[in-house]
Amino acid sequence: MSEDAINLEINGRFFQAQEGMTILDVAKREGIPIPTLCYHEALEPAGACRLCVVEITHADWKGWKGLVTACLYPVEEGLQVTTDNEDIRTVRRTVLDLLLARCPGSDVIQKMAAEYGVTATSFKKNETETTCILCGLCVRVCAVKGCSAIATGGRGIEKEISIPFGRPPPDCIGCASCAHICPTGAIEYEDRGDVRKIWGHSFKMVKCASCGHPIMPEVQLDFEAEKSGLHPDYFKTCDACSQQKTVETIRSSFALRAADSRDSVEAIG
Amino acid sequence: MERILTITPSRCTACRTCELACSFRHAGRGGLGISRIRAFMFGEGKNQIITCFQCDDAACVKVCPVEALTRNESTGAIEVNADRCIGCGLCSIACPFGHMTHSALSGTAVKCDLCGGEPACAAFCPTQTLEYK
C-alpha cells in the first residue's frame, strides 16, 4: 500500500483506505455488511435514510464515541468503527419503525424491518397511501442524467418528491430512470402502445425501425443524441433487432467469401 | 500485447457449449437465455457466434450517464460495474450490434467481460471456433 494510505479499524480488523473514501466505501470493498436504502454508488451520498449508521471512536477521543452515517463520514487516520452493536440496532430499528409508519404497504420496508425484529410500527400509521421513503435517489439520478426535472419540496411532514408547480416538469425527458432506481417502487409510469405516461406527461415513443417495439420517448432520443454526440440512428433499433442485423451482416459477408472457407470442422478435426 | 477473442464461424457446429460455459461462469447456472454469447444455427459451415466486439470507440461507453462502463486495461474488455449501473438500458439500445443486454434479474446491464482474461467460452469450445490468443 502507498505511504499516504489512511489506516482505520472496522470491527476490530485493520484496513487501509485512501483520502476521500467514506466508511461505507471501505466496508463495501471489504465485504462488511452495512444496510442502506438511499445509497447508490453512482450518485452522491445523501445520508437521508439513516440506516447506515455506525459507531465511531478514536484512541485520542478520550472515550468519546458517536453514531454517524457511514455513507457520508470520511475515513481518517486511527478511526475505530463498529458496524453492528445494540446502540446501532436501536437506531436502525427506530428508523425502520418510522419508515414502516410512513409506508405500511411497502414490501421492501416490511422485509427490512422484519430483519431487525420490527413487524408492526409503534407509531401512528400514515393514512396517505405511499411507498415513497423520501430518500431522494430519484432526484439525484435525474440530476446526474442532466435533467433535474424533479426535486424534494416542502418541509417536515409535508416534504415530498415534487414537480414544479404541480405541472408536468418541462425538463423531464421521460427516461424513467427515477422509477428504475427507486428502492421501493414508488414512482409509477405506464407504457401503452407508443405512449409513455410519467409525471403527468404523455410522451410519444420512438419505435424500433425493424420490429416496431417502443424504445424511448422522442424527446429522450433528441436529448441522448445531443449529449453523447452519437447520430440519432443509434437509438432507433432495439437490442434484439440490432443483434439480428449483426448476424445477417456477418452471414452475408461470409456467404460472399464461401469459396475461401476451407477451414471447416473436418480440416481441424 | 493484448490477447483477443477470435471467432472462426466456419468451424462452429452451433453446439452452444459456449453459451452454457458463459451462463455457468457468470450466473452459476446453465441457461442459454442468460448467456452473454450467442450461437445461431444456420447449417454446417454457416453457423454464427455473436458476442461483444469490445469496440475501441464504443457507443455503450459514450451513452452511459454514470460511467458504469469502463475498459479493463489488462484485457481490453469493456466491463459493467453493476454497483454503479442505474439500469437505464441506454447502452443496450445504443450498441449498434445488439451485444449489450439488460438483465431483468439484476436490473443492470450485462455484457461479455472476457471473464477477466480467461474466457470460459473459448476454454470449453470443442472445435476451436472460439480462441483466445
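**A tour of the core and the domains**

Begin with the largest nonpolar core of this predicted model. The core has 103 residues, and A:C138, B:C60 and B:C91 are those with the most contacts inside it. The element that gives the most to this core is helix 4 of chain A, residues 137-145, with five residues.

Next, select B:C91 in chain B. Once its neighbours within four places in sequence are set aside, B:C91 is in contact with B:C60, B:V63, B:C64, B:L69, B:M100 and B:A109.

Now go back to chain A and select helix 4, residues 137-145. Which residues of this helix are buried? They are A:L137, A:C138, A:V139, A:R140, A:V141, A:C142 and A:K145. Because seven of its nine residues are buried, helix 4 of chain A is largely enclosed by the rest of the structure.

Then step to A:G146, which follows helix 4 and has a positive phi, near 100 degrees.

Finally, colour chain A by domain. The domain assignment gives domain 1 as 6-84 and domain 2 as 137-248. Taken over C-alpha atoms, the centres of these two domains of chain A are separated by 34 Å. Where they touch, seven residues of domain 1 are in contact with six residues of domain 2. On the domain 1 side of this contact, five residues are nonpolar, one is polar and one is charged.

How values were computed: Residues are numbered from 1 along each chain as its sequence is written. Chains are lettered from A and ligands numbered from 1 in the order in which they are written. This is a predicted model: local features need pLDDT of at least 70, side-chain atom pairs count only at pLDDT 80 or more; totals for chains, interfaces and linings use all residues. A nonpolar core is a set of buried Ala, Val, Leu, Ile, Met, Phe, Trp, Tyr and Cys residues joined through C-beta atoms within 7 Å. A residue is buried if 20 or more other C-beta atoms lie within 10 Å of its own, exposed if 12 or fewer, and partly exposed in between; C-beta atoms are placed from the backbone. Helices (H or I, at least four residues) and strands (E, at least two) are DSSP runs, numbered from the N terminus. Two residues are in contact if their C-beta atoms, placed from the backbone, lie within 7 Å. Domain bounds come from an automatic or database domain assignment. Ala, Val, Leu, Ile, Met, Phe, Trp, Tyr, Cys and Pro count as nonpolar, Asp, Glu, Lys and Arg as charged, and the others, Gly among them, as polar.
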